[in-house]
Amino acid sequence: MRPDGPTMAAPEESLRRRKTGYSHPEPESPPAPARDPAGSPAHLHAGTFWLTRIVLLKALAFVYFVAFLVAFHQNKQLIGDRGLLPCRVLLKNFQQYFQDKTSWEVFSYMPTILWLTDWSDTNSTLDSLALLGLGISSFVLITGCANVLLMAALWGLYMSLVNVGHVWYSFGWESQLLETGFLGIFLCPLWTLSRLPQHTPTSRIVLWGFRWLIFRIMLGAGLIKIRGDRCWRDLTCMDFHYETQPVPNPVAYYLHHSPWWFHRFETLSNHFIELLVPFFLFLGRRACIIHGILQILFQAVLIVSGNLSFLNWLTMVPSLACFDDAALGFLFPSGPGSLKDRVLQMQREIRGAQPKPRFGSVVRRAANVSLGVLLAWLSVPVVLNLLSSRQVMNTHFNSLHIVNTYGAFGSITKERTEVILQGTASPNASAPDAVWEDYEFKCKPGDPSRRPCLISPYHYRLDWLMWFAAFQTYEHNDWILHLAGKLLASDAEALSLLAHNPFASRPPPRWVRGEHYRYKFSRPGGRHAAEGKWWVRKRIGAYFPPLSLEELRPYFRDRGWPLPQPL
C-alpha cells in the first residue's frame with residue numbers, strides 16, 4: 001500500500017461510489033512520488049549530474065576536513081614559531097631574496113595568506129587557518145551544498161599552508177588536493193547555498209576536468225612504474241612493497257607473506273588498472289561508469305593494505321565524476337519531496353520547454369569555457385611529461401598547483417631501513433655502561449613487538465619524513481638534528497609528535513643519537529612471531545653520532561632556529 005495514498009473508504013461507501021460514478025471531493029494529500037505508466041517508481045534519467053555534484057562536494061569536503069585536522073594537530077610542532085622548520089624563517093628568506101621585487105611578485109611566486117599576517121605569532125595564524133578550514137569543510141560535508149566563495153576559501157586556505165609547509169607538505173597529494181579543490185570551485189553557484197540550485201546545473205566542462213585529472217593520475221602512475229624500477233616489468237615489485245612502504249599497517253604484514261603467484265597477479269592487476277582502464281573514460285557512458293567503479297575499488301584495496309595518508313581517499317573524488325544521476329540514485333532515499341524526486345521533476349522540466357537563458361547562466365557558461373581553455377593550456381607541459389622517457393612525477397608547473405604531474409612508487413626499495421632515535425642520561429656517551437633508550441614514534445616501525453598502526457586517512461607527517469630520511473643522510477635532513485635538540489630539552493611540542501618518551505617524569509637526556517637499523521617482517525609461525533614480534537631488526541650502524549644540547553646551539557643559531565630551553 002502506498003503510504004501517501006488516500007485513506008481507504010468503508011466497503012459500502014466504495015461500492016456506492018462505483019455504482020453512481022460519483023465521489024465526494026477528498027482533502028488534498030501530499031504529491032505522490034513520480035511513477036511510470038505501469039505504476040512502478042520512476043527511475044532517474046541518465047545524462048544529468050545534480051546528485052553527482054552533491055556526492056563530489058561531500059567527498060571533497062571530507063578530504064579537506066582530514067587535511068585541515070592534520071594541519072591543526074601538527075602545524076605548530078612542524079612549522080610554527082618553535083617548529084622543526086619554522087615557516088617564519090622561510091618567509092623572511094623569501095623576503096630577502098626578492099627584496100628588489102614588488103610585493104605582488106613575491107606573492108605570485110609563493111601565494112599564501114601568511115604574507116598579510118603578523119609573523120610574531122605564527123602559531124595563532126596557523127591555528128586560525130586550520131580551524132576556519134575545519135569549519136567550512138564540516139558545513140559542506142554535512143549539508144552537501146556549497147558556493148564559489150566557500151570552495152574558493154577552502155582552496156585558498158589550504159594553498160596558504162602548502163606553500164609555507166617546507167618538506168612537510170612536499171607530498172604529491174598536497175598538489176592533488178589543490179587541483180581537485182580548484183575544480184570544486186566551479187561545481188557550485190556563486191552565491192546560492194542549495195543542494196539542488198535550479199539555475200546552476202553541473203557543468204560538463206568541470207566534470208571532464210575531474211575526469212581528465214583522474215586520467216592523468218592513473219596513467220602517470222602506471223607509466224612511471226613501467227619506465228622506472230625493473231621489478232614492475234618482471235612483476236616482482238609486490239614481493240617487497242608491503243614490507244618497505246612508508247608506514248605499513250597490520251594487513252600489509254599478512255599480504256607480504258602471500259604466495260608468489262598472488263604477488264604476480266597483484267602487479268598485473270595494477271598495470272591493468274593504471275595503464276588500460278583510464279582509456280575507458282572516452283568510450284561512452286557505460287565504459288566510463290566501469291572505469292569509476294574499478295578505480296574506486298582499486299583505491300579501497302590500497303586503503304586496506306597501507307597507510308598512504310588521504311591520498312587514496314582523495315583519488316576517489318575525481319572518479320565520482322564518472323557517474324551521473326541515474327548511476328548514483330541508489331545512494332539517496334526515495335519518497336515525496338526527496339532529492340531523487342526533485343531531480344526527476346527537474347529532468348522532466350528540462351525535457352520540456354527550454355527556459356530562456358538568464359544573464360547569470362551566460363556568465364557562468366563563459367567562465368566554464370574559460371576554465372576549459374585554461375586547463376587545456378596548462379596541460380601542455382603535463383602531456384609532454386607523460387610522453388617523455390624522462391617523466392617526472394608529483395611536480396607542479398605553477399604556484400597555484402592547478403594542473404600537475406602525478407605518480408607513485410616509480411621505484412621500490414628492496415629492504416626497509418629505519419632511523420631509531422635514542423637518548424641516555426649517562427654523562428659519558430662513549431661509556432660501555434651507558435644505557436640508551438628508544439623514542440617511539442606515533443606510527444613508524446620502532447619497537448619490533450609493537451603492532452603496525454592503522455590510521456588512514458589521517459597522516460603523521462613526521463613519521464613519513466623519517467621513512468625518507470632512513471635512506472638518505474642526516475646532512476640531507478637537517479630538521480632531524482633540530483628534533484634531536486628538542487628531545488635533549490624535553491620540548492613539549494616536539495614530544496607531542498611522538499608516542500613514547502623514555503625520559504618522561506625524569507630529567508632530559510644528556511645525549512641523543514640516531515641509529516640505523518634494517519627491518520624485516522617476522523615470519524608467521526616462526527620464532528620471532530611466537531615471541532610477539534611483528535618485526536625483526538638488525539643494526540646497520542650509526543646514523544648520526546651522540547649529540548649534546550651545547551654542541552647543537554651554534555647549529556641552531558646559524559639557521560635562525562629558536563634555541564631549545566631545557567626543562
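**Aromatic packing and sheet arrangement in the predicted model**

Trp-467 is buried, its relative accessible area being 11%. In this predicted model, Trp-467 belongs to an aromatic cluster that also takes in Phe-171, Trp-173, Phe-310, Trp-464, Phe-468 and Phe-471. Trp-464 is likewise buried, at a relative accessible area of 7%, and because Trp-464 and Trp-467 are 3 residues apart in helix 18, about one helical turn separates them.

The chain as a whole comprises 567 residues, of which 53% count as buried, and its secondary structure consists of 22 helices and 8 strands. Along the principal axes, the C-alpha atoms fill a box of roughly 110 × 65 × 55 Å. Among contacts between residues at least 6 apart in sequence, 76% join residues that are at least 24 apart. The average pLDDT of the chain is 90, and 91% of the residues score at least 70. Where pLDDT is low, the predicted coordinates should not be read in detail.

A search of the whole structure finds 40 aromatic pairs. In one of them, the ring centres of Phe-171 and Phe-468 lie 6.4 Å apart with the ring planes at 35°, so the pair is classed as tilted. Phe-171 is located in the loop between helix 6 (148–162) and helix 7 (172–185), whereas Phe-468 is part of helix 18 (residues 461–470), so that this pair ties together parts of the chain 297 residues apart in sequence.

An open sheet is formed by 4 strands in the order 4-3-7-8, with antiparallel pairing. The edge positions are taken by strand 4 (437–438) and strand 8 (535–547), each of which pairs on one side only. Strand 3 (residues 416–424) pairs with strand 4 in the antiparallel sense over 2 bridges, and within this pairing Gly-423 stands opposite Glu-437 of strand 4. Helix 19 (residues 479–488) packs on the sheet, where it touches strand 3, strand 7 (511–521) and strand 8, and its direction makes an angle of about 85° with that of strand 8.

The loop between helix 18 and helix 19 contains Glu-475, which is exposed, with a relative accessible area of 55%. The C-alpha atom of Glu-475 is separated by 9.3 Å from that of Phe-544, although the two residues are 69 residues apart along the chain.

How values were computed: Residues are numbered from 1 along each chain as its sequence is written. This is a predicted model: local features need pLDDT of at least 70, side-chain atom pairs count only at pLDDT 80 or more; totals for chains, interfaces and linings use all residues. Side-chain values use heavy atoms; hydrogens and water are left out. Two strands pair if DSSP finds at least two bridges between them. Contact means heavy atoms within 4.5 Å. Axes are lines fitted to C-alpha atoms, for helices over the stretch in contact, and angles run from 0 to 180 degrees between N-to-C directions. Rings of Phe, Tyr and Trp (its six-membered ring) pair if their centres lie within 6.5 Å; planes under 30 degrees apart count as stacked, over 60 as edge-to-face and the rest as tilted. Buried means under 20% relative accessible area, exposed over 50%, partly exposed in between (1.4 Å probe, protein chains only). pLDDT is the predictor's confidence in each residue, from 0 to 100.
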